[in-house]
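Please read this briefing beside the sequence and the model.

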Amino acid sequence: MNGWFIMSIRIMFCKKKKKRGDKVADDKKKRGARGNGTFIERKDGTFIYRKSQGLNPNGKRKYISVVGETKAICVRRMKEKEELLKREKNKICLSDTDTVEELCQRHLAYQIRNKELKPKSIDRREDTIRNQIGKYSLGKMQIQAVKPADIDNHINVLIGTGLSVSTIKKSLDVLNAAYEWAVVRAELTFNPVLQIKRSIQKRLSKLGAKGAADADVIVLSRDEEELFLREALRTNENNGQYKYAGGLYGSLLLHTGMRTGEMISLRWKDYDASNGLLTINKSTSMTRNRNADDDEAKKYVAVQGTTKNQKARVIKLSEEAINDLRRIAETNLGKTDDLICRTKTGKQYTATMLEHCMGTIYKHVKFITKVSGLHIFRRTFATRMFENGADVKEIAAYIGDLESTTMQYYIAARQKMVVGDSVRQVVPLPGSRNVNNEKRDAPAGNKNISE
């Protein structure tokens, strides 16, 4: 009995002692709001202010701390320390021997680290640095020795190689961005690209200007659309199956104006068949596998992300697009979470596979003008919508792009017209885009094949 009584007293004493200890700890250590850190009061009346700064390489949480006579002083010193750490993190530490190519590579590494670029954009930037900068004398020059004249000479060399205007513009943008990045961080005092950039852009614009015989935007004419669809949807006489595995997918691109990456990301759950609606909120691209540990690993992997320009949308489908999806479902219907664009083995269709398939179809169609790539479907769709009376704002919203980009790159003002034995690009009389009447009234030998 006495033993039990003594044990009860000891337990009660320990609980009270623990509560008093908790109170003392609460007085000394007070946690701020989430993300604002913790204040610890020391015996001498000063404070320790501690904040989390992410994770260490070993996975444990990383902290920084400051000491001050008051909490206000601690907060001020913490801001100063965080700013210093931020500057150190972003510091380039250029040396006198660093080259232009190395500067561009460091800038790219910074953009990757801060997730400023999508995987596909990283691939393109790497190609630009390697092929349009690193292989030339400018890429080997020391960064502080470069003058505006050196940038001008480099652009002239690129023009002389016959590269496209868009490719040259990308190299100019990469150089300017890398130098500007170094100047902002006080590693350099001068950006040699900035002084001459505008004059180079004017020169490149003149080089890229369209001649009288050139199409302003390359699209399929209406007759070419019919020829393409007839071939793409051709079936085998023996088994009734479609001749081309990707023919229906090409037709769907033509009837929706989607990007290829958006289409191959679609799943059946994204299609509301009862209301004819399609949700587009993802995009897939093949990018370099930067996590490969050995030579046997895949060099390229499929990466899914958001749509370009963050243009997620729900679109109302045309009858043609609904028919395309119906045909796809008849041949390749899966569960709601399955991909719409799949191979016969159930794997995801890729843009490369679709390009090969369309290339074969193009050869069999024998267009009167050269047709290549998949983006021509997007341009053709936007142009047809414009011809049918839609305004640019509506078209841009439907295809998920900017109004300025849609007007400049996706809507063709010129139309193909056969004159004798030649094909000419003609700007039609404003307001005369009545497709059926123009086609019906076109005189022999002067048939407007775009209508």
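The points below are grouped by topic.

This is a predicted model, in which local features need pLDDT of at least 70, side-chain atom pairs count only at pLDDT 80 or more, and totals for chains, interfaces and linings use all residues. Residues are numbered from 1 along each chain as its sequence is written, and side-chain values use heavy atoms, with hydrogens and water left out.

**Terms for location and exposure**

- Helices (H or I, at least four residues) and strands (E, at least two) are DSSP runs, numbered from the N terminus.
- A residue is buried under 20% relative accessible area, exposed over 50% and partly exposed in between (1.4 Å probe, protein chains only).

**Salt bridges**

- A salt bridge requires a side-chain nitrogen of Lys or Arg within 4 Å of a carboxyl oxygen of Asp or Glu; by this rule the count comes to 23 salt bridges.
- One of the salt bridges is between Glu101 and Lys140, whose closest N and O atoms are 4.0 Å apart. Glu101 belongs to helix 3 (residues 100-113) and Lys140 to helix 5 (residues 137-140), so this pair ties together parts that are 39 residues apart in sequence.
- Glu101 is partly exposed at 22% relative accessibility, whereas Lys140 is exposed at 52%.
- Arg288 and Asp123 also form a salt bridge, at 3.6 Å from N to O. Because Arg288 lies in strand 7 (residues 283-288) and Asp123 in helix 4 (residues 119-134), the pair ties together parts that are 165 residues apart in sequence.
- Arg288 is partly exposed, at 21% relative accessible area, while Asp123 is buried, at 5%.
- A salt bridge also links Arg288 to Glu126, with the closest N and O atoms 3.0 Å apart. Here too strand 7 holds Arg288 and helix 4 holds Glu126, so parts that are 162 residues apart in sequence are tied together.
- Through shared partners, salt bridges join Asp123, Glu126, Asp127, Arg130 and Arg288 into one network.

**Positive surface patch**

- Lys118, Lys120, Arg124, Lys170 and Lys308 form a positive surface patch.
- Patch members have over 30% relative accessible area and no salt bridge; like charges are joined within 9 Å, and nonpolar side chains (Val, Leu, Ile, Met, Phe, Trp, Tyr) within 5 Å.
- Lys and Arg count as positive and Asp and Glu as negative, with His and the chain ends not counted. The place of a charge is NZ of Lys, CZ of Arg, CG of Asp or CD of Glu.
- Accessible areas come from the Shrake-Rupley method with a 1.4 Å probe, and for residues only the protein chains shown count as cover.
- Lys308 sits in the loop between strand 8 (300-305) and strand 9 (313-316).

**Aromatic pairs**

- Rings of Phe, Tyr and Trp (its six-membered ring) pair if their centres lie within 6.5 Å; planes under 30 degrees apart count as stacked, over 60 as edge-to-face and the rest as tilted. The count by this rule comes to 7 aromatic pairs.
- The ring centres of Phe39 and Tyr49 are 4.3 Å apart and their planes are at 10°, so this pair is stacked. It links distant parts of the chain, with Phe39 in strand 2 (residues 38-41) and Tyr49 in strand 3 (residues 47-55), 10 residues apart.
- Both Phe39 and Tyr49 are buried.
- One aromatic cluster is formed by Phe228, Tyr362 and Phe377.

**Positive phi**

- Most residues other than glycine have a negative phi.
- Lys115, not a glycine, has a positive phi of about 55°. Lys115 is in the loop between helix 3 and helix 4 and is exposed at 74% relative accessibility.
- Ala186, not a glycine, has a positive phi of about 60°. Ala186 is in the loop between helix 7 (165-184) and helix 8 (194-207) and is exposed at 67% relative accessibility.

**C-alpha separations**

- Leu277, in strand 6 (residues 277-280), is partly exposed, with a relative accessible area of 28%. The C-alpha atoms of Leu277 and Val314 are 6.6 Å apart, and the two residues are 37 residues apart along the chain.
- Val392, in helix 15 (residues 392-399), is buried, with a relative accessible area of 17%.
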